Amino acid sequence: MHEMSITQGIVEICESSSEGRRVLSVTIEIGELSSVIPDAVEFCFEACARDTALEGARLIIERVPARGHCRACSAEFPVRAYYEACPACGDFGVDILTGEELRVKELEVE
Amino acid sequence: MCTTCGCGPEDQHHHNHDHDEKHDHGHTHAHRHEHKPEHQHKHEHHDGTVAKTISVETDILAKNNRLAEGNREFFTEKGVFVLNLVSSPGSGKTTILEKTLRDLQGKLNFAVIEGDQQTDNDAVRIAATGAPVKQVNTGAGCHLDAHMVCHAADNFDMDSLDVLMIENVGNLVCPASFDLGENYKVVVLSVTEGEDKPLKYPNMFHNAQVMLLNKIDLLPYVDFDADKCKAFARRINPGITIFDVSSKTGEGMDEWYNWLAAGARKKV
């Protein structure tokens, strides 16, 4: 259940960025390939936000779709999982371009 | 107050490390003083509640990554080769370590950080080999992080070490996301597990650079297709280096030892 430490990380980043102001909402980006489950982050958020500037804040989660680049043929394509082959040439040497994000994007403060 | 990263005592109760036992070993690592204490002053002000948007764009794992980078610099400065051993519970990580430490005794100087939710059973096994060991109990935590490793490493005389082995909590999911400052992640998979584990837990096999396929002495007795398993691992991670080993019979261990010794030599 590493979502608990991930969520604590979110709260820490927000507290240092909000400089004491109450946080109304926080937008985070979770890539589709990151091993973090949005539902679990939401579940942990309320507990982690308690008694902080984030108490009562709205959590907005944006999923970032995964895209890959084939080292063999340079094709770019959407990726659903790490083990997928390049749809153009069938090679498994695929570099992940996006989809591994785990980022606090922005805050709305009072 | 911990001297290595500036954290206060209230930050430390969740993982046990004895701060006083070895703080006199003479090395300073000022570059590991990474995170500034973040003050959490919360005060209500203004009554006009005009919302303001602040762009943050900060990686949620940034703090761990910063501490991990500090660890890596420190290990490099000390010329210590560091491996992070990850696997599901029961794959044989501790047995591989015991055998490796015994067989390479006198050739390389090892220290071990043992991560488990509870007990110091593994640390006791490692200590019996004569290598210095530090047990870290994560309690409810499912992985080691860079902060825990930073403190655990304070228990060793790093100048005398060639290799630091970090045995992570047995878990094929969470430890994949947390950089500890190691040189390589080594994933252990045993033939008593499913051959499709690389596909089921792709993040871990994607992030590891080395895979030890363990318990190969049991291959005649189990329905495990080793070639298929390795093909799956290479599908996730074409560059992964794979060693077939049996920590029980010693089969294949020499190749692993050669790789280890070459890595340690490069660091000196």
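This is a predicted model: local features need pLDDT of at least 70, side-chain atom pairs count only at pLDDT 80 or more; totals for chains, interfaces and linings use all residues.
Modeller: Residues are numbered from 1 along each chain as its sequence is written, and chains are lettered from A in the order in which they are written.

Colleague: What makes the seven strands of chain B an open sheet with parallel pairing?

Modeller: Strands are DSSP runs of E with at least two residues, helices are runs of H or I with at least four, and both are numbered from the N terminus; two strands pair if DSSP finds at least two bridges between them. The order in chain B is 4-3-5-2-6-7-8, with parallel pairing, and strand 4 (133-137) and strand 8 (241-244) are the edges, each pairing on one side only. Neighbouring strands are turned by 20° against each other on average, direction ignored, where the axes are lines fitted to C-alpha atoms.

Colleague: How do you know that strand 2 of chain B pairs with strand 6 and with strand 5 of chain B?

Modeller: Five bridges join strand 2 (residues 81-87) to strand 6 (residues 184-190) of chain B, and strand 2 and strand 5 of chain B are also paired over five bridges, in the parallel sense. Ser87(B), for its part, stands opposite Val188(B) in strand 6.

Colleague: Why is strand 2 of chain B called largely enclosed?

Modeller: A residue is buried if 20 or more other C-beta atoms lie within 10 Å of its own, exposed if 12 or fewer, and partly exposed in between, with C-beta atoms placed from the backbone. Seven of the seven residues of strand 2 of chain B are buried, so the strand is largely enclosed by the rest of the structure. Both faces are covered, with Phe81(B), Leu83(B), Leu85(B) and Ser87(B) buried on one side and Val82(B), Asn84(B) and Val86(B) on the other.

Colleague: How do you know that chain A and chain B touch, and what does strand 1 of chain B supply?

Modeller: Two residues are in contact if their C-beta atoms, placed from the backbone, lie within 7 Å, and 32 residues of chain B are in contact with 30 residues of chain A. Strand 1 (52-59), helix 6 (202-207) and helix 7 (226-236) of chain B each supply at least two residues of that side of chain B, and the largest share, eight residues, comes from strand 1. Six bridges join strand 6 (residues 102-109) of chain A to strand 1 of chain B, antiparallel, with Val109(A) opposite Lys52(B).

Technical notes
Axes are lines fitted to C-alpha atoms, for helices over the stretch in contact, and angles run from 0 to 180 degrees between N-to-C directions.
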